Amino acid sequence: MEEMTIAGIRRGNQFSPNHIGNDAAIFSLTAEHLGKLGCKVNEYIESDLLLQDLNEKAIFNMVRDWKSIHKLQELEDNGHIVINSGYGIENCTREKMTRLLLDHHIPHPTSLFLSTQADPTQMLEEAGLDHCWIKRGDFHAIHREDVTYVRNREEAKSILKEYAIRGIPTAVINEHLVGDLVKFYGVTGTDFFYWFYPSNQHHSKFGLEVINGTAKGIPFNQDYMQQICNEAARVLNIHIYGGDCIVSEEGEIRIIDFNDWPSFAPCREEAAPYIAGRIYELITK
């Protein structure tokens, strides 16, 4: 088998809150399995992407810095194969993700979009929302306060003011959904799909999962969950993904978060061969 040289770019540590080791582990396992498929992986960190030109025509990456994302987009425009796409990574920032999922009728909570300088009272009243989630609109969550549960409209006003002080220009407000919180991981074009209840495994980035409490094990259609998650990945233009959804008492499934290349921490040994195989398929077809 002729060896193929590809670039692999690790995620900057500041974009792996409480998951630095887990993100590094799935990257390393993916590189290892790509080696078994006949690929030589040249590894880089995000800062390398900005300081030097990459000669490799195929790139897999876990980047999150805005400058890195824009550099990936530039490389894609110049004919490089990039997985996940820089455009897909940008699509997973909160406001863009929410708008795309809603526009394509992916099951999602009722959501509002507003400037952090705005008073949310009227919008919340018109939408009938009290208990809700306020999330920074411009980026992924990298601090605990970037996703905040509020119980009333005064708390909502306070959080928006805090965002404005931090220089965050926009926010997304999601309806709070009652039900079982389910985390999922998937790889497009493969059979791989893994889900679990974080309340049962004490798996958390910021500890926010406790809001929904311990999962009851409400029955739901697992094939349908995988179907809507793969459709969300298609809409967002990513191949390696994960996220969260809520299963209501009636078994209704709605996606509340969707991420480009998460840690796969509970299932990385099982996931890595599928991730590597999908990358290999995409760069060789």
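Contact here means heavy atoms within 4.5 Å, and helices (H or I, at least four residues) and strands (E, at least two) are DSSP runs, numbered from the N terminus. With that in hand, Met97, Leu100 and Leu101 in α5 meet Ala232, Val235 and Leu236 in α9. The residues of this contact divide into six nonpolar, no polar and no charged, where Ala, Val, Leu, Ile, Met, Phe, Trp, Tyr, Cys and Pro count as nonpolar, Asp, Glu, Lys and Arg as charged, and the others, Gly among them, as polar.

Please keep in mind that this is a predicted model: local features need pLDDT of at least 70, side-chain atom pairs count only at pLDDT 80 or more, and totals for chains, interfaces and linings use all residues. Residues are numbered from 1 along each chain as its sequence is written, and side-chain values use heavy atoms, with hydrogens and water left out.

The helices α5 and α9 pack at about 120°, with their axes 10 Å apart; axes are lines fitted to C-alpha atoms, for helices over the stretch in contact, and angles run from 0 to 180 degrees between N-to-C directions.

Now to the sheet, which is open and has four strands in the order β10-β9-β11-β12, paired antiparallel; two strands pair if DSSP finds at least two bridges between them. β10 and β12 stand at the edges with a single partner strand each, so one side of each is left without a neighbour in the sheet. Eight bridges join β9 to β11, and Gly186 stands opposite Tyr241 in β11. Helix α9 packs on this sheet, touching β9, β10, β11 and β12.

| Element | Residues |
|---|---|
| α5 | 94-103 |
| α9 | 222-236 |
| β9 | 180-187 |
| β11 | 240-247 |
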